[in-house]
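Hello,

Here is the structure you will be working with. Please look through it once before reading my notes below.

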Amino acid sequence: MIPIADQGRLPLAMVYGGGGVVGIAYTAGVAAGLVTSGIPVAGAPALGTSAGSWTASAFALGVTYDDLGSLPVPRVPTRQSGLLADIARQVFGESTHPLVSVSAVSMRSGRRHILDGASHPLADLVAASSAVPGLFPPHRVDGRLYLDGGMWSATSVDAAEVASRVIVVAPVAGRVMGPMGRIAGALLERELASWRERHPESHIHMIRPDRAMASLVGVRPLALFDAERARAIYPLAYEQGARWGDRIQDGAASARPNQGPAA
(Lines give C-alpha, C1' and ligand atoms only; values in the text may rest on other atoms or scores of the structure.)
Protein backbone atom coordinates (compact mmCIF):
# COMPACT_ATOMS: atom_id res chain seq x y z
CA MET A 1 0.00 0.00 0.00
CA ILE A 2 1.05 3.62 -0.43
CA PRO A 3 2.52 4.51 2.96
CA ILE A 4 1.13 7.24 5.17
CA ALA A 5 3.25 10.34 5.43
CA ASP A 6 6.11 9.96 7.87
CA GLN A 7 8.79 12.29 9.20
CA GLY A 8 7.01 15.22 7.57
CA ARG A 9 7.10 13.72 4.06
CA LEU A 10 4.08 13.54 1.79
CA PRO A 11 2.90 9.99 1.01
CA LEU A 12 3.01 10.38 -2.79
CA ALA A 13 4.16 12.80 -5.49
CA MET A 14 3.69 12.50 -9.25
CA VAL A 15 6.01 13.65 -12.03
CA TYR A 16 4.77 13.69 -15.64
CA GLY A 17 7.22 14.23 -18.50
CA GLY A 18 6.91 15.76 -21.96
CA GLY A 19 6.15 14.14 -25.30
CA GLY A 20 3.63 16.04 -27.41
CA VAL A 21 0.07 14.82 -27.96
CA VAL A 22 1.30 11.22 -27.62
CA GLY A 23 2.88 12.19 -24.32
CA ILE A 24 -0.46 13.48 -23.03
CA ALA A 25 -2.11 10.17 -23.95
CA TYR A 26 0.70 8.14 -22.42
CA THR A 27 0.91 10.01 -19.11
CA ALA A 28 -2.89 10.16 -18.80
CA GLY A 29 -3.20 6.45 -19.58
CA VAL A 30 -0.57 5.43 -17.04
CA ALA A 31 -2.12 7.71 -14.41
CA ALA A 32 -5.61 6.30 -15.02
CA GLY A 33 -4.23 2.77 -14.75
CA LEU A 34 -2.55 3.62 -11.46
CA VAL A 35 -5.87 4.91 -10.14
CA THR A 36 -7.60 1.61 -10.88
CA SER A 37 -5.02 -0.09 -8.65
CA GLY A 38 -5.73 2.24 -5.78
CA ILE A 39 -2.90 4.74 -6.21
CA PRO A 40 -4.30 8.14 -5.09
CA VAL A 41 -2.99 10.05 -8.09
CA ALA A 42 -5.53 12.89 -8.06
CA GLY A 43 -4.76 13.81 -4.46
CA ALA A 44 -0.99 13.93 -4.89
CA PRO A 45 1.08 16.99 -5.77
CA ALA A 46 2.01 16.75 -9.45
CA LEU A 47 4.82 18.35 -11.42
CA GLY A 48 4.27 18.43 -15.17
CA THR A 49 6.58 19.25 -18.05
CA SER A 50 5.10 20.08 -21.46
CA ALA A 51 2.65 17.23 -22.24
CA GLY A 52 2.86 16.21 -18.60
CA SER A 53 1.53 19.58 -17.50
CA TRP A 54 -1.76 18.76 -19.25
CA THR A 55 -2.07 15.46 -17.39
CA ALA A 56 -1.12 16.98 -14.04
CA SER A 57 -3.79 19.65 -14.52
CA ALA A 58 -6.41 17.22 -15.80
CA PHE A 59 -6.17 14.82 -12.87
CA ALA A 60 -6.20 17.62 -10.31
CA LEU A 61 -9.40 19.02 -11.86
CA GLY A 62 -11.14 15.71 -12.63
CA VAL A 63 -10.80 16.15 -16.40
CA THR A 64 -10.72 12.81 -18.25
CA TYR A 65 -8.64 11.72 -21.20
CA ASP A 66 -11.85 11.64 -23.26
CA ASP A 67 -12.00 15.38 -22.61
CA LEU A 68 -8.35 15.91 -23.50
CA GLY A 69 -8.53 13.61 -26.52
CA SER A 70 -11.45 15.55 -27.95
CA LEU A 71 -9.47 18.81 -28.06
CA PRO A 72 -8.30 20.05 -31.46
CA VAL A 73 -4.68 19.25 -32.28
CA PRO A 74 -3.09 22.32 -33.87
CA ARG A 75 -1.01 21.98 -37.00
CA VAL A 76 2.64 22.68 -36.38
CA PRO A 77 4.53 24.85 -36.79
CA THR A 78 2.24 27.77 -36.00
CA ARG A 79 2.79 31.43 -35.19
CA GLN A 80 -0.67 31.93 -33.68
CA SER A 81 -0.09 33.50 -30.28
CA GLY A 82 -2.24 32.17 -27.45
CA LEU A 83 -3.40 29.12 -29.40
CA LEU A 84 -2.40 26.53 -26.80
CA ALA A 85 -3.93 28.54 -23.96
CA ASP A 86 -7.19 28.92 -25.90
CA ILE A 87 -7.33 25.16 -26.44
CA ALA A 88 -6.54 24.45 -22.79
CA ARG A 89 -9.29 26.79 -21.61
CA GLN A 90 -11.84 24.57 -23.33
CA VAL A 91 -11.32 22.00 -20.55
CA PHE A 92 -9.56 23.89 -17.74
CA GLY A 93 -11.31 27.24 -17.98
CA GLU A 94 -9.68 29.72 -15.61
CA SER A 95 -9.13 27.12 -12.89
CA THR A 96 -6.11 27.14 -10.62
CA HIS A 97 -5.04 24.28 -8.36
CA PRO A 98 -2.57 24.13 -5.47
CA LEU A 99 -1.45 20.55 -6.21
CA VAL A 100 -0.18 21.40 -9.71
CA SER A 101 3.15 22.88 -10.71
CA VAL A 102 4.78 22.99 -14.14
CA SER A 103 8.24 23.55 -15.52
CA ALA A 104 8.88 26.19 -18.17
CA VAL A 105 11.95 27.99 -19.45
CA SER A 106 12.23 31.77 -19.33
CA MET A 107 12.82 33.06 -22.83
CA ARG A 108 14.85 35.96 -21.50
CA SER A 109 17.21 34.11 -19.15
CA GLY A 110 17.12 30.57 -20.52
CA ARG A 111 16.61 29.30 -16.98
CA ARG A 112 13.95 26.89 -15.80
CA HIS A 113 11.15 28.19 -13.63
CA ILE A 114 8.69 26.06 -11.64
CA LEU A 115 5.32 27.79 -11.98
CA ASP A 116 2.72 27.40 -9.25
CA GLY A 117 -0.76 26.23 -10.20
CA ALA A 118 -2.25 27.96 -7.17
CA SER A 119 -1.13 31.36 -8.45
CA HIS A 120 -1.89 31.18 -12.19
CA PRO A 121 -4.62 29.69 -14.41
CA LEU A 122 -3.64 26.17 -15.42
CA ALA A 123 -4.50 26.97 -19.04
CA ASP A 124 -1.71 29.55 -19.10
CA LEU A 125 0.73 27.24 -17.34
CA VAL A 126 0.26 24.33 -19.76
CA ALA A 127 0.60 26.74 -22.69
CA ALA A 128 3.88 28.07 -21.29
CA SER A 129 5.24 24.62 -20.48
CA SER A 130 4.29 23.30 -23.96
CA ALA A 131 5.60 26.15 -26.13
CA VAL A 132 8.09 24.07 -28.13
CA PRO A 133 10.52 26.44 -29.90
CA GLY A 134 9.97 26.41 -33.64
CA LEU A 135 6.53 24.80 -33.29
CA PHE A 136 4.65 27.23 -31.01
CA PRO A 137 5.30 30.84 -30.00
CA PRO A 138 6.32 31.51 -26.40
CA HIS A 139 3.53 32.12 -23.91
CA ARG A 140 3.38 34.96 -21.41
CA VAL A 141 2.70 34.34 -17.71
CA ASP A 142 2.83 37.18 -15.19
CA GLY A 143 4.62 39.42 -17.68
CA ARG A 144 7.35 36.93 -18.60
CA LEU A 145 7.61 34.90 -21.83
CA TYR A 146 8.15 31.17 -21.44
CA LEU A 147 9.19 28.25 -23.63
CA ASP A 148 8.66 24.51 -23.31
CA GLY A 149 10.00 23.11 -20.02
CA GLY A 150 11.44 20.17 -21.92
CA MET A 151 14.17 22.49 -23.17
CA TRP A 152 15.65 22.18 -19.68
CA SER A 153 14.62 18.63 -18.76
CA ALA A 154 12.02 16.17 -20.03
CA THR A 155 10.83 15.55 -16.47
CA SER A 156 12.56 17.93 -13.99
CA VAL A 157 12.60 15.22 -11.33
CA ASP A 158 14.90 17.35 -9.17
CA ALA A 159 12.05 19.83 -8.64
CA ALA A 160 9.48 17.23 -7.52
CA GLU A 161 7.92 17.34 -4.09
CA VAL A 162 9.73 15.19 -1.55
CA ALA A 163 7.46 12.26 -0.72
CA SER A 164 7.64 8.73 0.64
CA ARG A 165 6.96 7.56 -2.93
CA VAL A 166 7.55 9.44 -6.16
CA ILE A 167 6.20 8.09 -9.44
CA VAL A 168 7.85 9.44 -12.59
CA VAL A 169 6.02 8.89 -15.91
CA ALA A 170 8.44 9.53 -18.78
CA PRO A 171 6.87 9.28 -22.28
CA VAL A 172 10.04 9.64 -24.35
CA ALA A 173 12.73 8.11 -22.15
CA GLY A 174 14.60 4.93 -23.08
CA ARG A 175 16.44 3.40 -26.03
CA VAL A 176 13.21 1.99 -27.50
CA MET A 177 12.22 5.60 -28.31
CA GLY A 178 15.18 6.07 -30.65
CA PRO A 179 17.78 8.87 -30.51
CA MET A 180 15.55 11.28 -28.59
CA GLY A 181 14.76 8.51 -26.12
CA ARG A 182 18.40 7.68 -25.55
CA ILE A 183 19.22 11.31 -24.78
CA ALA A 184 16.16 11.83 -22.58
CA GLY A 185 16.75 8.51 -20.83
CA ALA A 186 20.38 9.31 -20.05
CA LEU A 187 19.46 12.69 -18.59
CA LEU A 188 16.64 11.16 -16.59
CA GLU A 189 18.92 8.47 -15.13
CA ARG A 190 21.24 11.25 -14.01
CA GLU A 191 18.34 13.09 -12.36
CA LEU A 192 17.15 9.91 -10.65
CA ALA A 193 20.64 9.18 -9.32
CA SER A 194 20.81 12.68 -7.88
CA TRP A 195 17.36 12.29 -6.31
CA ARG A 196 18.34 8.98 -4.70
CA GLU A 197 21.45 10.52 -3.25
CA ARG A 198 19.58 13.49 -1.79
CA HIS A 199 16.50 11.55 -0.62
CA PRO A 200 17.60 8.03 0.38
CA GLU A 201 14.39 7.34 2.30
CA SER A 202 12.18 8.02 -0.71
CA HIS A 203 10.97 5.22 -2.99
CA ILE A 204 11.10 6.39 -6.61
CA HIS A 205 9.54 4.53 -9.55
CA MET A 206 10.11 5.35 -13.23
CA ILE A 207 7.51 4.26 -15.79
CA ARG A 208 8.31 4.59 -19.49
CA PRO A 209 7.04 3.12 -22.79
CA ASP A 210 7.86 -0.45 -23.76
CA ARG A 211 8.87 -1.62 -27.22
CA ALA A 212 5.26 -2.21 -28.36
CA MET A 213 4.30 1.36 -27.54
CA ALA A 214 7.44 2.75 -29.14
CA SER A 215 6.62 0.92 -32.38
CA LEU A 216 3.33 2.82 -32.53
CA VAL A 217 5.08 6.15 -32.22
CA GLY A 218 8.19 5.67 -34.32
CA VAL A 219 11.31 7.76 -33.94
CA ARG A 220 10.32 10.96 -35.77
CA PRO A 221 9.80 13.80 -33.25
CA LEU A 222 6.78 15.20 -35.14
CA ALA A 223 5.04 11.82 -34.76
CA LEU A 224 4.52 12.85 -31.14
CA PHE A 225 1.89 15.30 -32.41
CA ASP A 226 -0.14 12.65 -34.25
CA ALA A 227 -3.62 12.33 -32.70
CA GLU A 228 -4.21 8.83 -34.10
CA ARG A 229 -0.99 7.53 -32.54
CA ALA A 230 -2.03 9.14 -29.27
CA ARG A 231 -5.40 7.39 -29.26
CA ALA A 232 -3.68 4.07 -30.02
CA ILE A 233 -1.17 4.37 -27.19
CA TYR A 234 -3.65 5.36 -24.47
CA PRO A 235 -5.10 1.86 -23.75
CA LEU A 236 -1.62 0.32 -23.72
CA ALA A 237 -0.46 2.97 -21.26
CA TYR A 238 -3.55 2.35 -19.13
CA GLU A 239 -2.76 -1.35 -18.90
CA GLN A 240 0.86 -0.60 -18.05
CA GLY A 241 -0.21 1.82 -15.32
CA ALA A 242 -2.56 -0.76 -13.80
CA ARG A 243 0.23 -3.35 -13.72
CA TRP A 244 2.59 -0.90 -12.12
CA GLY A 245 -0.05 0.12 -9.60
CA ASP A 246 -0.49 -3.48 -8.51
CA ARG A 247 3.28 -3.89 -8.13
CA ILE A 248 3.60 -0.71 -6.09
CA GLN A 249 0.69 -1.65 -3.85
CA ASP A 250 2.13 -5.12 -3.30
CA GLY A 251 5.54 -3.67 -2.53
CA ALA A 252 7.15 -5.61 -5.38
CA ALA A 253 8.20 -2.60 -7.44
CA SER A 254 10.61 -1.35 -4.80
CA ALA A 255 12.11 -3.75 -2.29
CA ARG A 256 13.96 -0.94 -0.52
CA PRO A 257 13.92 2.87 -0.72
CA ASN A 258 14.65 4.52 -4.11
CA GLN A 259 15.20 1.22 -5.92
CA GLY A 260 12.06 0.96 -8.09
CA PRO A 261 12.81 -0.69 -11.47
CA ALA A 262 11.99 0.99 -14.76
CA ALA A 263 9.24 -0.41 -16.97
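How many helices and strands are there in the protein chain? There are 8 helices and 8 strands. Please keep in mind that this is a predicted model.

Overall form comes next. Along its principal axes, the C-alpha trace spans about 50 × 40 × 30 Å. For a chain of 263 residues, a compact globule would have a radius of gyration near 18 Å. The protein chain has 17 Å, so its value agrees with that of a compact globule.

Of the 263 residues, 54% count as buried. The accessible surface of the protein chain comes to about 11,300 Å², and carbon and sulfur atoms account for 53% of that surface.

As for contacts, consider those between residues at least 6 apart in sequence: 74% of them join residues at least 24 apart.

On charge, the protein chain carries 23 positive and 21 negative side chains. The centres of these two sets lie 9 Å apart.

Where is His203 placed? His203 belongs to strand β8, which covers residues 203-207. Is His203 buried or exposed? The relative accessible area of His203 is 17%, and buried means under 20%, so His203 is buried. His203 can also be compared with Ala163: the two are 40 residues apart in sequence, and their C-alpha atoms are 8.2 Å apart in space.

Regards

How values were computed:
Residues are numbered from 1 along each chain as its sequence is written. This is a predicted model: local features need pLDDT of at least 70, side-chain atom pairs count only at pLDDT 80 or more; totals for chains, interfaces and linings use all residues. Side-chain values use heavy atoms; hydrogens and water are left out. Helices (H or I, at least four residues) and strands (E, at least two) are DSSP runs, numbered from the N terminus. The radius of gyration is taken over C-alpha atoms; the globule rule is 2.2 Å times the number of residues to the power 0.38. Buried means under 20% relative accessible area, exposed over 50%, partly exposed in between (1.4 Å probe, protein chains only). Contact means heavy atoms within 4.5 Å. Accessible areas come from the Shrake-Rupley method with a 1.4 Å probe; for residues, only the protein chains shown count as cover. Lys and Arg count as positive and Asp and Glu as negative; His and the chain ends are not counted. The place of a charge is taken as NZ of Lys, CZ of Arg, CG of Asp or CD of Glu.
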